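Please read them with the structure open.

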Amino acid sequence: MEDAVQSAERRGCPEAADAFMRCVDADIECMGDRNAAEPTRCETEKDALATCGVRVPLLGPLCERGAQRVRDCAGGLFEPAPCAGPSRCTYACYATATCDDVLSGRSRQLDECVARCVGGMPPPGPSPR
C-alpha cells in the first residue's frame, strides 16, 4: 500500500492516497485463521486511485488474494482450490509472495508459513520450474 501512496503522490493525487489510507486504517478486520488484519471495504477509494493511474494492491481476504497470486503467477495454467478448509490458511501465505517465490519454491518465509498452516505438507501452488 505504501507503493500505491507514493505513486499517487508522484502522479499528483495525494488526496486520493490519503483517503485510501484513512479508509484502510479505519476498516481493519482481524482474520483469526491467519493472525492478520485485512481491510474489507475501501472500493471507492481504490477506484479513485485507479482513476489517477495508480495500481492498487488487491484488498480482501488473504486466502483469495493468495489464490489469485498463484493463478496470476502461473499464467492462468493453475486453478487454485477453493478457499476452505486447509487451503484457506495455506493460500493466505501466498498473498504477498512474489511470483519468483511462488514459482521457484525457494522462499523460506513462504515455506515456513505453509508449514505452520499444514504441519509440513507441501504448498498447494504450481510445481517449481
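How many disulfides does a search of the whole structure find? The search finds 4. The model is a predicted one, and the points below should be read with that in mind.

1. Overall layout. The protein contains 7 helices and 2 strands. Going along the sequence, the order of elements is α-α-β-β-α-α-α-α-α. The protein has 129 residues, of which 38% count as buried.

2. The Cys-73 to Cys-99 disulfide. Cys-73 and Cys-99 are joined with an S to S distance of 2.1 Å. The angle about their S-S bond is -80 degrees, and the link is left-handed. Are the two cysteines buried or exposed? Cys-73 is buried, because its relative accessible area of 8% falls under the 20% limit. Cys-99 has a relative accessible area of 34% and is therefore partly exposed, since that value lies between 20% and 50%.

3. The Cys-89 to Cys-117 disulfide. Here the S to S distance is 2.0 Å. The torsion about the S-S bond of Cys-89 and Cys-117 is about -60 degrees, so this disulfide is left-handed. The two ends sit in distant parts of the chain, 28 residues apart: Cys-89 is in helix 5 (residues 86–92) and Cys-117 is in helix 7 (residues 108–118). Cys-89 has a relative accessible area of 17% and counts as buried, whereas Cys-117, with 22%, is partly exposed. The values for Cys-89 and Cys-117 fall on either side of the 20% limit for burial.

4. The Cys-93 to Cys-113 disulfide. The sulfur atoms of Cys-93 and Cys-113 are 2.0 Å apart. This link is left-handed, with -80 degrees about the S-S bond. Which parts of the chain does the pair tie together? Cys-93 is in the loop between helix 5 and helix 6, and Cys-113 is in helix 7, so the pair connects parts that are 20 residues apart in sequence. Cys-93 is buried at 7% relative accessibility, and Cys-113 is buried at 6%.

5. Ser-104 is part of helix 6 (residues 99–104). Its relative accessibility is 14%, which means that Ser-104 counts as buried.

6. In soluble globular proteins, nonpolar side chains tend to be buried together. In this model the largest nonpolar core has 14 residues, and the members that touch the most others are Ala-8, Cys-13, Ala-17, Phe-20, Cys-42, Leu-49 and Val-54. Helix 1 (2–10) and helix 2 (14–26) each supply at least two residues of this core. Helix 2 gives the most, with 5 residues. Another core, of 13 residues, lies apart from this one; its members include Ala-67, Ala-97, Leu-110 and Val-114.

7. Ala-17. This residue lies in helix 2 and is one of the members of the largest core that touch the most others. Is Ala-17 buried or exposed? Ala-17 counts as buried, because its relative accessibility is 0%. The C-alpha atoms of Ala-17 and Ala-4 are separated by 7.4 Å, although these residues are 13 apart along the chain.

8. Helix 2 against helix 3. The axes of helix 2 and helix 3 (residues 43–51) come within 9 Å and cross at roughly 155 degrees. The two helices are therefore roughly antiparallel, a term used for angles over 145 degrees. The crossing of helix 2 and helix 3 is left-handed.

Conventions. Residues numbered from 1 in each chain as written. Predicted model: local features only at pLDDT ≥ 70, side-chain atom pairs only at ≥ 80, totals over all residues. Heavy atoms only, no water. Helix = DSSP H or I, 4+ residues; strand = E, 2+ residues; numbered from the N terminus. Buried < 20%, exposed > 50% of the residue type's maximum accessible area, 1.4 Å probe, protein only. Core = buried A, V, L, I, M, F, W, Y, C linked by side-chain atoms within 4.5 Å. Disulfide = S-S within 2.5 Å. Axes fitted to C-alpha atoms, helices over the stretch in contact; angles between N-to-C directions. Parallel < 35°, antiparallel > 145°, perpendicular 65-115°, else oblique. Left-handed = near helix turned anticlockwise from the far one by under 90°.
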